Amino acid sequence: MSSPPAPRVFVVLALVLAMTAWTAHAAGDAEAGRRGFAKCASCHQVGPSARAGFGPQLNGIIGRQAGTSADYKYSAAMKNSGIVWTEERLAAFLKSPDDVVPGNKMRFFGIRSEQQVADLLAYLRKYQ
Ligand code: HEC
């Protein structure tokens, strides 16, 4: 008597689900990022009505040249940094703003957790 195929199907399914969950996790979770953006929202806005507040609006920030949002007055350090905000640069900046743009005026202590940074990037990617 051959064993029924069902259990093996379940094992495969479980594996596929686990891998999907893992991939989503590694890539960052936009919903968690939305909640995490509360840390930024006192100074930054995103979305259709976003404008400069205490900090510049962050629409389209991935790939944007640093210090170029038209309605915001940047520090000279940010304006002259020559940086283009790739995801790698953003991640480094969010972990330690002063190491990436020394003398910038974003008063933010930085985020330690890789996952929180990935989640924030997933959220910001929605406003490209
Ligand atoms: C206390 C206010 C404050 C908080 C909180 C804050 N920022 Fe900022 N941020 C600023 C200011 C001010 C600048 C402009 C810096 C300059 O001109 O030197 C800035 C600049 C930036 C820039 C560069 C923008 C550009 O146009 O080049 C990015 C990206 C950024 N912030 C992301 C974030 C994210 C994401 C968070 C939340 C994790 C955050 N910031 C939290 C005030 C803040």
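At a relative accessible area of 12%, H44 counts as buried, because buried means under 20% relative accessible area, exposed over 50% and partly exposed in between, computed with a 1.4 Å probe on protein chains only. M106, with 22%, is partly exposed. The model is predicted: local features need pLDDT of at least 70, side-chain atom pairs count only at pLDDT 80 or more, and totals for chains, interfaces and linings use all residues. Residues are numbered from 1 along each chain as its sequence is written, and side-chain values use heavy atoms, with hydrogens and water left out.

H44, through NE2, and M106, through SD, coordinate the iron atom of the ligand at 1.9 to 2.1 Å. The two residues belong to distant parts of the chain, 62 residues apart: H44 is in the loop between α2 (30-36) and α3 (76-79), and M106 in the loop between α5 (97-100) and α6 (114-124). Helices here are DSSP runs of H or I with at least four residues, numbered from the N terminus. Donors are N, O and S atoms within 2.8 Å of the metal (3.2 Å for Na, K and Ca). The 6 donor atoms around the iron atom subtend angles of 86 to 179°, which makes the arrangement octahedral; for six donors this term requires opposite donors over 155 degrees apart and all others between 65 and 115.

Around the ligand there are 27 residues, of which C40, C43, H44, S75 and M106 come nearest; a residue counts as near if one of its heavy atoms lies within 4 Å. Helix α4 (residues 87-95) supplies the largest share of this shell, 3 residues. A polar contact is a pair of N or O atoms within 3.5 Å.

The loop between α2 and α3 also holds Q57. Q57 is buried, with a relative accessible area of 14%, and its side chain reaches the backbone nitrogen of N59 at 2.7 Å.

Finally, consider α6. The buried residues are V117, A118, D119, L120, L121, A122, Y123 and L124. At the N-terminal end, S113 caps α6, with a side-chain oxygen 3.2 Å from the backbone nitrogen of Q115.

Key
Four donors count as tetrahedral if all angles lie between 85 and 135 degrees; four count as square planar and six as octahedral if opposite donors are over 155 degrees apart and all others between 65 and 115; anything else is irregular. A polar contact is a pair of N or O atoms within 3.5 Å; within protein, one must be able to donate a hydrogen and the other to accept it, and residues adjacent in sequence count only if both atoms are side-chain atoms.
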